[in-house]
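Please look over the aromatic side chains in the entry below before reading on. My notes follow as numbered points.

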Amino acid sequence: MRYISTRGLPTDTPRSFTDILLRGLAPDGGLYMPVEYPRVDSEMLTKWADRFREGGYAALAFEVMRLFVDDIPPADLEAMCQRAYNADNFGSDVVTPMTQLEDGIWLLHLSNGPTAAFKDMAMQMLGQLFEYVLEKEGRELNIVGATSGDTGSSAEYAMLGKDNIRVFMLTPAGRMTPFQQAQMYGLDDPAIINIALEGVFDDCQDVVKAISADADFKEKYSIGAVNSINWARLLAQVVYYVAAWIQAGGSSVKKVSFSVPTGNFGDICAGHVARSMGVPIDKLIVATNENNVLDEFFRTGIYRVRSAAETFETSSPSMDISKASNFERFIFDLVGRDQELVRDLFANKLVNEGEFSLADSSVFRDTRIRFGFLSGSSTHADRLDSIQSVYRHDKVIIDPHTADAWKVARDAMRGGVVDPPLVVLETALPVKFAQTIQEALGFTPDTPKRFEGIEDAKRHVIDLPNDVEAVKQLIREVVGD
């Protein structure tokens, strides 16, 4: 298995998995993708289902990831999967249990990990991979990431105590919930450096990309990435789509559809990869909040990014994103892996004009017909209604991001455009968004024992302006020349 950049040249040499693992963005600013997706057939899917039932989630993760990772010995990869996905980290070897809700909708629980967010599903594996490769190569890594809420804490907890790794995590100042801030800022460790940046998440993400694009700085300070621009993180997320299909009935249900709350297009891009491999997925529903850049594209064919001033602050803050980093991966597949066209769209039109359109292109119809994408959006009122409805009918409390996905899923089911089973991907435990739950239900969710008193801890965070050089200077001071 080899990997290429979405913006590269046909003459570029494809790279191995461990070569791209620590790189994040490709040198040309593109994102790494496999040269081709491995294909799975009914026999392999049956084998995977048996492995999941007998060996749990870790066994399934190994079977899926080994198709993409051929430069790590299988025994080592399997051991990493076992260390990442176990009852100690997730409360059960099943890791991703499912609950059946009304109207043929299922809820895939992805928030049982150390930080109560779906990001743990990938980060726990990423931490194992990073430590393994760094030890083999005898080097260190300075991770520079951006978070709109949950990526930061998931990354920091996954990397905490790992040898040869520091984490510089950029957060949009004042844009996360008190619980989310406490999870990150409460960590007192010299290898964890939290940065509150003036602006919104997209500003943080732009700084990360600018640092990664500076080849000399990146090389000198061993800069790596944990955001979903990192292919390994996306790969780890493919596994739970397979687990959901198995738990929904496997071969007895033929195909399963998914409704995914997304702002950066990473979570649902993993579903696109799974579907492209041959996993029996029918529809992939993109669910956004008021920041509906992705919904607009799938409805109109126009991808138009928003400025910080145009990015709404909502009650599902982890989706307050107007530049979807992983979207380039899907467009790469949509346009037939035409690297020159992807370069023009993302490095030219999007940069200079703030948008591009495929509305008049013959490939736009493929978003629904060939790739199975649908979309929808929701408002704060919709989120409150969804939280109330699920609790009233199923006695299950969902967080506001999951509520976005549930609302769009229910609309699709009632509109007859999707057949059951339809799986909603959970984003986080509701305790992380207590204020919205209080508004919807009149009470706050219980705080798991492991999080009691978390908001009372001393804060460790550095305030910086929205300036790439300011962040670089901090990295220089911490790492040293």
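1. Does Phe327 count as buried or exposed? With a relative accessibility of 0%, Phe327 counts as buried, where buried means under 20% relative accessible area, exposed over 50% and partly exposed in between (1.4 Å probe, protein chains only).

2. This is a predicted model, in which local features need pLDDT of at least 70 and side-chain atom pairs count only at pLDDT 80 or more, while totals for chains, interfaces and linings use all residues. Residues are numbered from 1 along each chain as its sequence is written, and side-chain values use heavy atoms, with hydrogens and water left out.

3. Rings of Phe, Tyr and Trp (its six-membered ring) pair if their centres lie within 6.5 Å, and planes under 30 degrees apart count as stacked, over 60 as edge-to-face and the rest as tilted. By this rule there are 27 aromatic pairs. In one of them, the ring centres of Phe298 and Phe327 are 6.1 Å apart and the planes stand at 80 degrees, so the pair is edge-to-face. Because Phe298 belongs to helix H12 (residues 293–300) and Phe327 to helix H13 (residues 327–334), the pair ties together parts that are 29 residues apart in sequence; helices here are DSSP runs (H or I, at least four residues), as are strands (E, at least two), numbered from the N terminus. Phe298, at 2% relative accessibility, also counts as buried.

4. The rings of Phe346 and Phe356 have centres 5.2 Å apart and planes at 65 degrees, so this pair is edge-to-face. Phe346 lies in helix H14 (residues 339–353) and Phe356 in strand S12 (residues 355–357), 10 residues apart.
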